[in-house]
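Open the model in your viewer and show it as a cartoon.

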Amino acid sequence: PEYWVQSLDLNWTDESQLRNGEWLTDKHITAANKLLRKQHPSQNGLKDPLILAEKRWWTSGADDFVQIINLSRQHWVCVSNISCPPGIVDVYDSILAYSTGSVALRKQVAAIMKTQDCSFELRFVDVQRQSGGSDCALFAIANAVLLCAGQDPHLASFDQKQMRSHLRCCFSTEELTPFPQSSRKRRL
């Protein structure tokens with residue numbers, strides 16, 4: 001197939017999935033990670049999500065990282081240990097109920113932390129919840145963008161209706177910028 005954005009390995013099917021409100025794939029996440037690595041070269045993490053899904057160990061240590069992971073091929077979340085005490089990993093999940101007891105989440109975070117004993121605590125951060133069931137990848141990317149920029153996703157109130165067009169624009173220009181936020185403040 002012809003490419004939509006060749007440098008990001010995105011074809012027109014990928015663009016159509018994004019434009020038509022379909023569930024985003026690992027190709028979209030990998031493209032977002034590639035842009036974030038380019039814009040924030042000193043940021044750890046931002047690896048291909050298939051590496052973690054296959055439970056392969058990372059070659060780097062568990063310094064401050066940001067990572068988008070997939071849970072059982074059904075849900076995307078962002079995890080990070082930026083500004084966390086040792087042994088704590090924050091989970092940014094736009095649905096929450098899905099990840100709280102997830103074995104897949106613990107195993108993938110263990111791979112990032114380079115441990116097999118899961119001797120870390122997952123802390124579920126109160127972030128904006130998505131409407132509907134197909135935008136979890138958008139929220140995971142939006143939270144990762146804020147974390148890489150040194151901002152707190154806990155305070156964000158994304159304009160969900162604009163998120164897909166924003167990501168399409170970011171991919172087209174090959175630069176990820178913070179996602180549009182609603183003028184309404186989040187209720188904390």
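Buried here means under 20% relative accessible area, exposed over 50%, and partly exposed in between (1.4 Å probe, protein chains only). Strands (E, at least two residues) and helices (H or I, at least four) are DSSP runs numbered from the N terminus. This is a predicted model: local features need pLDDT of at least 70, side-chain atom pairs count only at pLDDT 80 or more, and totals for chains, interfaces and linings use all residues. Residues are numbered from 1 along each chain as its sequence is written, and side-chain values use heavy atoms, without hydrogens and water.

Select residues 65-71. This is strand E4, and seven of its seven residues are buried. Show the side chains. Phe 65, Gln 67, Ile 69 and Leu 71 point one way, Val 66, Ile 68 and Asn 70 the other. In a regular strand the side chains alternate between the two faces of the sheet.

Now look at the neighbours. Two strands pair if DSSP finds at least two bridges between them. Gly 45 has Val 66 as its bridge partner.

Find Gln 67 opposite Val 79. Then select Ser 72 in the hairpin of E4 and E5: its phi is positive, near 55°.

Move on to residues 88-92, strand E6, with five of its five residues buried. Three bridges join E6 to E5, antiparallel; Ser 80 partners Asp 90.

Finish at residues 121-124, strand E7, parallel to E6 over four bridges. Here Arg 123 is the bridge partner of Asp 90.
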